[in-house]
Amino acid sequence: MSNKEKQRILTGDRPTGRLHLGHYVGSLQNRVELQEEYDTFLIIADVQALTTNFEKPEKLGEDVRQVARDYLAAGIDPEKTTIFVQSMVPEIAELTIFFSMLVTVNQLRHNPTIKSEADQYGYKDMTYGFLGYPVSQAADISFCRANLVPVGEDQIPHIEQTRKIVRKFNNLYGEVFPEPKALISDFPRLMGIDGKSKMSKSLNNAIYLSDSVEEVNKKIMKAKTDPARIHKDDPGHPEVCTVFHYHEAFNKEESEEIASKCRAGTIGCVACKKRMAKKLNLFLDPMRERRKKYLENPQLIEEIIQKGTKRARKEAALTLEKVREVMKIDYFNK
Ligand code: TRP
(Lines give C-alpha, C1' and ligand atoms only; values in the text may rest on other atoms or scores of the structure.)
Protein backbone atom coordinates (compact mmCIF):
# COMPACT_ATOMS: atom_id res chain seq x y z
CA MET A 1 0.00 0.00 0.00
CA SER A 2 1.37 3.44 -0.81
CA ASN A 3 1.58 6.17 1.83
CA LYS A 4 -1.33 7.93 0.15
CA GLU A 5 -3.82 5.17 0.95
CA LYS A 6 -2.56 4.40 4.43
CA GLN A 7 -4.22 5.78 7.53
CA ARG A 8 -2.05 8.18 9.47
CA ILE A 9 -0.58 8.12 12.94
CA LEU A 10 0.76 11.12 14.74
CA THR A 11 2.33 10.83 18.15
CA GLY A 12 5.44 11.95 19.98
CA ASP A 13 7.15 13.16 23.11
CA ARG A 14 8.41 16.24 24.82
CA PRO A 15 12.19 16.31 24.72
CA THR A 16 12.93 16.39 28.43
CA GLY A 17 15.56 13.67 28.74
CA ARG A 18 16.14 10.04 28.03
CA LEU A 19 13.27 7.65 27.30
CA HIS A 20 12.77 4.71 29.67
CA LEU A 21 11.07 1.30 29.74
CA GLY A 22 7.78 2.94 30.75
CA HIS A 23 7.80 4.93 27.52
CA TYR A 24 8.57 1.74 25.64
CA VAL A 25 5.71 -0.40 26.93
CA GLY A 26 3.35 2.58 27.15
CA SER A 27 3.64 3.66 23.56
CA LEU A 28 6.95 3.21 21.76
CA GLN A 29 6.38 -0.49 21.22
CA ASN A 30 3.03 0.21 19.55
CA ARG A 31 4.63 2.80 17.33
CA VAL A 32 7.36 0.43 16.19
CA GLU A 33 4.77 -2.21 15.29
CA LEU A 34 2.30 0.16 13.65
CA GLN A 35 4.81 1.95 11.44
CA GLU A 36 4.52 -1.02 9.08
CA GLU A 37 0.84 -0.47 8.58
CA TYR A 38 0.33 3.27 9.05
CA ASP A 39 1.92 6.34 7.57
CA THR A 40 3.49 7.43 10.86
CA PHE A 41 4.58 10.91 11.99
CA LEU A 42 6.61 11.29 15.18
CA ILE A 43 6.77 14.74 16.70
CA ILE A 44 9.56 15.84 19.03
CA ALA A 45 7.48 18.45 20.84
CA ASP A 46 10.09 21.03 21.81
CA VAL A 47 7.60 23.91 21.97
CA GLN A 48 5.48 21.90 24.38
CA ALA A 49 8.60 21.21 26.46
CA LEU A 50 9.06 24.98 26.73
CA THR A 51 5.77 25.24 28.66
CA THR A 52 7.66 23.99 31.71
CA ASN A 53 11.28 24.65 30.68
CA PHE A 54 11.10 28.14 29.21
CA GLU A 55 13.74 29.33 31.66
CA LYS A 56 16.36 26.96 30.28
CA PRO A 57 15.79 26.63 26.53
CA GLU A 58 19.51 25.96 25.98
CA LYS A 59 18.98 22.34 27.10
CA LEU A 60 16.48 21.57 24.36
CA GLY A 61 18.92 20.98 21.52
CA GLU A 62 20.60 18.05 23.22
CA ASP A 63 17.28 16.63 24.43
CA VAL A 64 15.85 16.75 20.90
CA ARG A 65 18.81 14.66 19.69
CA GLN A 66 18.46 12.31 22.65
CA VAL A 67 14.79 11.57 21.90
CA ALA A 68 15.56 11.04 18.22
CA ARG A 69 18.32 8.56 19.15
CA ASP A 70 15.97 6.74 21.53
CA TYR A 71 13.33 6.43 18.78
CA LEU A 72 15.82 5.08 16.28
CA ALA A 73 17.42 2.76 18.82
CA ALA A 74 13.98 1.41 19.78
CA GLY A 75 13.34 0.39 16.17
CA ILE A 76 11.65 3.36 14.56
CA ASP A 77 12.67 3.12 10.92
CA PRO A 78 13.29 6.56 9.37
CA GLU A 79 12.38 5.13 5.96
CA LYS A 80 8.89 4.37 7.21
CA THR A 81 8.33 6.99 9.89
CA THR A 82 8.58 10.75 9.54
CA ILE A 83 10.47 12.13 12.56
CA PHE A 84 10.35 15.90 12.92
CA VAL A 85 10.71 18.79 15.36
CA GLN A 86 7.67 20.83 16.36
CA SER A 87 9.28 24.29 16.28
CA MET A 88 10.58 23.66 12.76
CA VAL A 89 7.00 23.39 11.42
CA PRO A 90 5.64 26.94 11.91
CA GLU A 91 2.29 25.93 10.36
CA ILE A 92 1.57 24.11 13.63
CA ALA A 93 1.78 27.43 15.49
CA GLU A 94 -0.53 28.98 12.93
CA LEU A 95 -3.09 26.19 13.26
CA THR A 96 -2.87 26.49 17.06
CA ILE A 97 -4.10 30.08 16.80
CA PHE A 98 -7.06 29.15 14.60
CA PHE A 99 -7.93 26.27 16.93
CA SER A 100 -7.67 28.50 20.01
CA MET A 101 -10.92 30.23 19.00
CA LEU A 102 -12.74 26.92 19.35
CA VAL A 103 -11.76 26.12 22.95
CA THR A 104 -12.94 27.77 26.14
CA VAL A 105 -10.66 28.60 29.04
CA ASN A 106 -12.89 26.51 31.30
CA GLN A 107 -12.44 23.41 29.16
CA LEU A 108 -8.70 23.78 29.55
CA ARG A 109 -8.92 24.46 33.28
CA HIS A 110 -10.88 21.24 33.76
CA ASN A 111 -8.44 19.05 31.82
CA PRO A 112 -7.33 16.47 34.44
CA THR A 113 -3.82 16.10 32.99
CA ILE A 114 -3.29 19.87 33.06
CA LYS A 115 -4.53 19.90 36.66
CA SER A 116 -2.24 17.13 37.84
CA GLU A 117 0.78 18.56 36.01
CA ALA A 118 0.11 22.01 37.50
CA ASP A 119 0.12 20.35 40.95
CA GLN A 120 3.26 18.44 40.16
CA TYR A 121 5.11 21.60 39.08
CA GLY A 122 3.61 23.67 41.91
CA TYR A 123 1.94 26.17 39.57
CA LYS A 124 -0.59 28.27 41.45
CA ASP A 125 -1.02 30.52 38.47
CA MET A 126 -0.49 29.01 35.02
CA THR A 127 1.03 30.68 31.99
CA TYR A 128 -1.18 31.03 28.97
CA GLY A 129 1.18 28.70 27.10
CA PHE A 130 0.98 25.96 29.72
CA LEU A 131 -2.81 26.14 30.13
CA GLY A 132 -3.16 26.16 26.37
CA TYR A 133 -0.77 23.41 25.37
CA PRO A 134 -3.62 20.94 24.67
CA VAL A 135 -4.68 23.31 21.87
CA SER A 136 -1.20 23.22 20.44
CA GLN A 137 -1.26 19.42 20.79
CA ALA A 138 -4.53 19.37 18.82
CA ALA A 139 -2.66 21.22 16.07
CA ASP A 140 0.26 18.75 16.31
CA ILE A 141 -2.18 15.93 15.65
CA SER A 142 -4.28 17.69 13.03
CA PHE A 143 -1.75 19.39 10.78
CA CYS A 144 -1.12 16.02 9.10
CA ARG A 145 -4.78 14.96 9.42
CA ALA A 146 -3.91 11.99 11.67
CA ASN A 147 -6.43 9.21 12.36
CA LEU A 148 -4.74 7.44 15.25
CA VAL A 149 -2.66 8.63 18.23
CA PRO A 150 -0.83 5.88 20.19
CA VAL A 151 -0.15 7.37 23.63
CA GLY A 152 0.02 6.66 27.36
CA GLU A 153 -3.23 6.92 29.30
CA ASP A 154 -2.38 10.35 30.76
CA GLN A 155 -2.82 11.76 27.25
CA ILE A 156 -6.47 10.70 26.87
CA PRO A 157 -7.87 14.12 27.94
CA HIS A 158 -5.74 15.80 25.25
CA ILE A 159 -7.03 13.49 22.55
CA GLU A 160 -10.58 14.14 23.76
CA GLN A 161 -9.90 17.87 23.56
CA THR A 162 -8.53 17.43 20.04
CA ARG A 163 -11.67 15.57 18.97
CA LYS A 164 -13.85 18.37 20.34
CA ILE A 165 -11.89 21.03 18.49
CA VAL A 166 -11.89 19.07 15.25
CA ARG A 167 -15.61 18.39 15.48
CA LYS A 168 -16.32 22.06 16.04
CA PHE A 169 -14.03 23.10 13.21
CA ASN A 170 -15.60 20.65 10.78
CA ASN A 171 -19.12 21.68 11.78
CA LEU A 172 -18.43 25.37 11.43
CA TYR A 173 -16.33 25.48 8.30
CA GLY A 174 -16.47 22.09 6.55
CA GLU A 175 -14.84 18.69 6.82
CA VAL A 176 -11.09 19.11 6.84
CA PHE A 177 -9.93 16.92 9.71
CA PRO A 178 -10.59 13.31 10.74
CA GLU A 179 -11.55 12.86 14.40
CA PRO A 180 -8.46 11.13 15.75
CA LYS A 181 -8.66 8.14 18.07
CA ALA A 182 -6.33 7.43 20.99
CA LEU A 183 -4.66 4.04 21.07
CA ILE A 184 -3.68 2.98 24.58
CA SER A 185 -1.28 0.06 25.03
CA ASP A 186 -2.07 -3.14 26.94
CA PHE A 187 0.51 -2.04 29.46
CA PRO A 188 -0.23 1.60 30.07
CA ARG A 189 1.52 1.88 33.44
CA LEU A 190 4.94 0.48 34.24
CA MET A 191 6.02 0.61 37.88
CA GLY A 192 9.32 2.25 38.80
CA ILE A 193 12.02 0.19 40.54
CA ASP A 194 10.96 1.72 43.89
CA GLY A 195 7.66 -0.18 43.48
CA LYS A 196 5.77 2.90 44.67
CA SER A 197 4.72 4.69 41.54
CA LYS A 198 4.85 4.88 37.79
CA MET A 199 8.31 4.83 36.21
CA SER A 200 9.41 8.42 35.80
CA LYS A 201 12.56 10.42 35.37
CA SER A 202 11.62 12.90 38.07
CA LEU A 203 11.10 10.12 40.66
CA ASN A 204 14.52 8.66 39.98
CA ASN A 205 13.08 5.16 39.62
CA ALA A 206 13.57 4.57 35.89
CA ILE A 207 15.48 2.07 33.78
CA TYR A 208 16.47 3.85 30.58
CA LEU A 209 16.60 2.41 27.08
CA SER A 210 20.15 3.78 27.00
CA ASP A 211 21.29 2.16 30.29
CA SER A 212 24.37 -0.09 30.11
CA VAL A 213 24.33 -3.78 31.07
CA GLU A 214 25.87 -2.89 34.43
CA GLU A 215 23.32 -0.18 35.12
CA VAL A 216 20.44 -2.54 34.32
CA ASN A 217 21.90 -5.25 36.57
CA LYS A 218 22.36 -2.79 39.42
CA LYS A 219 18.88 -1.32 39.12
CA ILE A 220 17.15 -4.71 38.98
CA MET A 221 19.11 -5.88 42.03
CA LYS A 222 17.85 -2.78 43.86
CA ALA A 223 14.24 -3.15 42.71
CA LYS A 224 11.57 -3.55 45.36
CA THR A 225 10.13 -7.07 45.82
CA ASP A 226 7.42 -8.60 48.01
CA PRO A 227 8.12 -7.10 51.46
CA ALA A 228 6.62 -10.17 53.18
CA ARG A 229 9.37 -12.37 51.79
CA ILE A 230 12.34 -12.43 54.12
CA HIS A 231 13.88 -15.86 53.55
CA LYS A 232 14.54 -17.32 50.17
CA ASP A 233 12.05 -20.15 50.67
CA ASP A 234 9.23 -18.03 52.11
CA PRO A 235 6.18 -18.25 49.83
CA GLY A 236 6.04 -15.03 47.75
CA HIS A 237 3.27 -12.83 46.34
CA PRO A 238 4.17 -12.03 42.74
CA GLU A 239 1.19 -9.71 42.37
CA VAL A 240 2.83 -7.17 44.69
CA CYS A 241 6.39 -7.59 43.36
CA THR A 242 7.93 -5.03 41.03
CA VAL A 243 10.29 -7.56 39.49
CA PHE A 244 7.41 -9.88 38.69
CA HIS A 245 5.62 -6.96 37.09
CA TYR A 246 8.68 -6.60 34.81
CA HIS A 247 8.58 -10.33 34.03
CA GLU A 248 5.01 -9.82 32.85
CA ALA A 249 6.03 -6.90 30.66
CA PHE A 250 9.30 -8.25 29.24
CA ASN A 251 9.30 -11.99 29.87
CA LYS A 252 5.74 -13.08 29.23
CA GLU A 253 6.79 -16.62 28.18
CA GLU A 254 8.30 -17.40 31.58
CA SER A 255 6.10 -15.32 33.83
CA GLU A 256 3.68 -18.10 34.75
CA GLU A 257 6.47 -20.47 35.71
CA ILE A 258 8.12 -17.73 37.77
CA ALA A 259 4.87 -16.83 39.51
CA SER A 260 4.20 -20.42 40.59
CA LYS A 261 7.80 -20.95 41.76
CA CYS A 262 7.68 -17.68 43.69
CA ARG A 263 4.39 -18.71 45.36
CA ALA A 264 5.86 -22.07 46.26
CA GLY A 265 9.05 -20.48 47.58
CA THR A 266 11.20 -22.48 45.14
CA ILE A 267 12.79 -19.52 43.40
CA GLY A 268 14.53 -16.86 45.49
CA CYS A 269 14.41 -13.13 44.76
CA VAL A 270 18.05 -12.99 43.74
CA ALA A 271 17.65 -15.77 41.18
CA CYS A 272 14.43 -14.21 39.92
CA LYS A 273 16.14 -10.83 39.57
CA LYS A 274 19.07 -12.36 37.72
CA ARG A 275 16.71 -13.89 35.20
CA MET A 276 14.96 -10.57 34.76
CA ALA A 277 18.18 -8.60 34.32
CA LYS A 278 19.43 -11.09 31.77
CA LYS A 279 16.18 -10.92 29.84
CA LEU A 280 16.13 -7.13 29.91
CA ASN A 281 19.68 -6.92 28.68
CA LEU A 282 18.89 -9.30 25.83
CA PHE A 283 15.97 -7.08 24.98
CA LEU A 284 18.08 -3.89 25.10
CA ASP A 285 21.09 -5.30 23.22
CA PRO A 286 19.78 -4.62 19.69
CA MET A 287 18.89 -1.09 20.80
CA ARG A 288 22.44 -0.60 22.07
CA GLU A 289 23.76 -1.76 18.75
CA ARG A 290 21.59 0.64 16.75
CA ARG A 291 22.30 3.52 19.14
CA LYS A 292 26.04 3.08 18.64
CA LYS A 293 25.69 3.84 14.95
CA TYR A 294 23.94 7.14 15.67
CA LEU A 295 26.31 8.14 18.48
CA GLU A 296 29.25 7.56 16.18
CA ASN A 297 27.60 9.47 13.30
CA PRO A 298 25.59 12.31 14.85
CA GLN A 299 25.07 13.91 11.44
CA LEU A 300 22.74 10.98 10.62
CA ILE A 301 20.30 12.26 13.26
CA GLU A 302 20.36 15.71 11.73
CA GLU A 303 19.77 14.34 8.23
CA ILE A 304 16.82 12.26 9.41
CA ILE A 305 15.24 15.21 11.20
CA GLN A 306 15.77 17.62 8.30
CA LYS A 307 14.22 15.15 5.90
CA GLY A 308 11.30 14.38 8.23
CA THR A 309 10.65 18.05 8.87
CA LYS A 310 10.58 18.75 5.16
CA ARG A 311 7.90 16.12 4.63
CA ALA A 312 5.93 17.36 7.66
CA ARG A 313 6.00 20.92 6.32
CA LYS A 314 4.73 19.77 2.97
CA GLU A 315 1.72 18.13 4.61
CA ALA A 316 1.24 21.15 6.86
CA ALA A 317 1.19 23.52 3.89
CA LEU A 318 -1.53 21.43 2.21
CA THR A 319 -3.63 21.40 5.38
CA LEU A 320 -3.26 25.11 6.08
CA GLU A 321 -4.18 25.97 2.53
CA LYS A 322 -7.38 23.99 2.97
CA VAL A 323 -8.01 25.56 6.39
CA ARG A 324 -7.74 29.11 5.01
CA GLU A 325 -9.95 28.18 2.12
CA VAL A 326 -12.80 26.76 4.23
CA MET A 327 -12.48 29.58 6.77
CA LYS A 328 -12.61 32.00 3.87
CA ILE A 329 -9.51 33.84 4.95
CA ASP A 330 -7.78 33.33 1.64
CA TYR A 331 -8.98 36.72 0.37
CA PHE A 332 -6.13 37.57 -1.95
CA ASN A 333 -5.00 34.27 -3.36
CA LYS A 334 -7.90 33.18 -5.49
N1 TRP B 1 1.93 15.57 25.53
C2 TRP B 1 2.82 14.51 25.11
C3 TRP B 1 3.67 14.09 26.32
O4 TRP B 1 3.72 14.78 27.30
C5 TRP B 1 3.74 14.90 23.98
C6 TRP B 1 3.02 15.32 22.73
C7 TRP B 1 3.07 16.54 22.13
C8 TRP B 1 2.14 14.52 21.93
N9 TRP B 1 2.32 16.57 21.02
C10 TRP B 1 1.73 15.36 20.86
C11 TRP B 1 1.67 13.20 22.02
C12 TRP B 1 0.83 14.89 19.90
C13 TRP B 1 0.78 12.74 21.05
C14 TRP B 1 0.35 13.59 20.00
O15 TRP B 1 4.33 13.07 26.26
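**Burial, pairing and positive phi**

Mentor: Happy to. Keep in mind that this is a predicted model. In helix H8, the buried residues are Tyr133, Pro134, Val135, Ser136, Gln137, Ala138, Ala139, Asp140, Ile141 and Ser142.

Trainee: How many of the residues of H8 are buried, then?

Mentor: H8 spans residues 133-142 and is mostly covered. The buried count for this helix is 10 of 10.

Trainee: Which residues of strand S3 are buried on each side?

Mentor: In a regular strand, side chains alternate between the two faces of the sheet. S3 covers residues 81-85, and five of the five are buried, so the rest of the structure largely encloses this strand. Both faces are covered, with Thr81, Ile83 and Val85 on one side, and on the other Thr82 and Phe84.

Trainee: Which residue in S3 is the bridge partner of Ile43?

Mentor: Start with the strands: S2 (residues 39-44) and S3 run parallel and are joined by five bridges. In S3, the partner of Ile43 is Phe84.

Trainee: Is Asn204 buried or exposed?

Mentor: Asn204 sits in the loop between strand S5 (181-184) and helix H10 (213-222). Its phi is near 60°, a positive value in a residue other than glycine. Exposed means over 50% relative accessible area. Asn204 has 71% relative accessibility, so this residue counts as exposed.

Trainee: And what is the phi of Lys328?

Mentor: Look in the segment after helix H14 (298-326), where Lys328 lies. Lys328 counts as exposed because its relative accessibility is 61%. Although Lys328 is not a glycine, its phi is positive, at about 60°.

Notes: Residues numbered from 1 in each chain as written. Predicted model: local features only at pLDDT ≥ 70, side-chain atom pairs only at ≥ 80, totals over all residues. Heavy atoms only, no water. Buried < 20%, exposed > 50% of the residue type's maximum accessible area, 1.4 Å probe, protein only. Helix = DSSP H or I, 4+ residues; strand = E, 2+ residues; numbered from the N terminus. Pairing = 2+ DSSP bridges.
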